[in-house]
Amino acid sequence: MINTLWPKFLKAAYRKDPLASFFVTVGSVDAVIGGLGASWSLFFLGMGTVGIAIILRFWLLKRSEIDGATPIPEYYLPPNSSRPQLPILNRNKKHLS
C-alpha cells in the first residue's frame, strides 16, 4: 500500500515545486550520509538544508496566495468559429460502382 502511494506523492511534490524538492532531497541525503558516517557536521548541514527548503516551500506557497488566486487564462482563438460548418459527407454505396 505504501509502495504504491509513495511514488505518486513524490511525483506530485516534484511537479509542484521542483526547487524546494531538490533541496529537500540533497539535504536528506547529506543528513543520512552524515548520520551513518558519524560526520556530524555533514548531518547538521543536511538538516539545515532540509529546514531551509521547507521554509522556502511555505514562503513561496504563501507568496502565491497573496499575489492572486488564479491567473486569468488567455485564449488565442475565439470560442466560436466565424466560418460556417462544413457539411457532413456521407459515403453512398450506390454511387461507388
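Where is the place of A38? The points below begin with the answer and then go through the rest of the model, which is predicted.

1. A38 sits in the loop between α2 and α3. The residue follows α2, and its phi is positive, near 60°. As background, most residues other than glycine have a negative phi.

2. On the overall layout, the chain contains 3 helices and 0 strands. In sequence order the pattern reads α-α-α. Of the 97 residues in the chain, 9% are buried.

3. Helix α2 runs over residues 18-36. It has 19 residues, and the span from its first C-alpha to its last is 27 Å. That is close to the 27 Å expected at 1.5 Å a residue.

4. Which residues of α2 are buried? They are A20, S21, G27, A31 and G34. These residues cover an arc of only 160° around the axis, so they lie on the same side of α2. P18 and L36, on the other side of α2, are exposed. A student can follow this by looking along the axis of the helix and marking the two groups of residues.

5. The surface has a nonpolar patch formed by L19, F22, F23 and V26. Together these residues have about 340 Å² of accessible area. One of them, F22, belongs to helix α2.

6. Is F22 buried, partly exposed or exposed? Its relative accessibility is 48%, so F22 counts as partly exposed. F23 has a relative accessibility of 34%, and therefore also counts as partly exposed. Both values fall between the limits used here, because buried means under 20% relative accessible area and exposed means over 50%.

7. Next come the aromatic rings. A pair of aromatic rings is described by the distance of the centres and the angle of the planes. A search of the whole structure finds 3 aromatic pairs. In one of them, the ring centres of F22 and F23 are 5.6 Å apart and the planes meet at 65°, so the pair is edge-to-face. The cut-off behind that label is an angle over 60 degrees. F43 and F44 form an aromatic pair that is also edge-to-face, with 5.3 Å centre to centre and 70° between the planes.

8. How exposed are F43 and F44? F43 has a relative accessible area of 23%, so this residue is partly exposed. F44 has a relative accessible area of 57%, so this one is exposed. Ring pairs link F43 and F44 with W40 into a cluster.

9. Helix α3 covers residues 40-67. S41 lies in this helix, and its relative accessible area of 58% makes it exposed. S41 and D30 are 11 residues apart in sequence, and their C-alpha atoms are 9.8 Å apart in space.

10. L56 is another residue in helix α3. With a relative accessible area of 23%, L56 is partly exposed. L56 and F23 are 33 residues apart in sequence and 9.7 Å apart in space, C-alpha to C-alpha. F23 is the residue already met in the nonpolar patch with L19, F22 and V26, and in the edge-to-face pair with F22.

Notes. Residues are numbered from 1 along each chain as its sequence is written. This is a predicted model: local features need pLDDT of at least 70, side-chain atom pairs count only at pLDDT 80 or more; totals for chains, interfaces and linings use all residues. Side-chain values use heavy atoms; hydrogens and water are left out. Patches are made of residues with over 30% relative accessible area and no salt bridge: like charges are joined within 9 Å, nonpolar side chains (Val, Leu, Ile, Met, Phe, Trp, Tyr) within 5 Å. Accessible areas come from the Shrake-Rupley method with a 1.4 Å probe; for residues, only the protein chains shown count as cover. A salt bridge is a side-chain nitrogen of Lys or Arg within 4 Å of a carboxyl oxygen of Asp or Glu. Helices (H or I, at least four residues) and strands (E, at least two) are DSSP runs, numbered from the N terminus. Buried means under 20% relative accessible area, exposed over 50%, partly exposed in between (1.4 Å probe, protein chains only). Rings of Phe, Tyr and Trp (its six-membered ring) pair if their centres lie within 6.5 Å; planes under 30 degrees apart count as stacked, over 60 as edge-to-face and the rest as tilted. The expected span of a helix is 1.5 Å times one less than its number of residues. The arc is that of the directions from the helix axis to the C-beta atoms.
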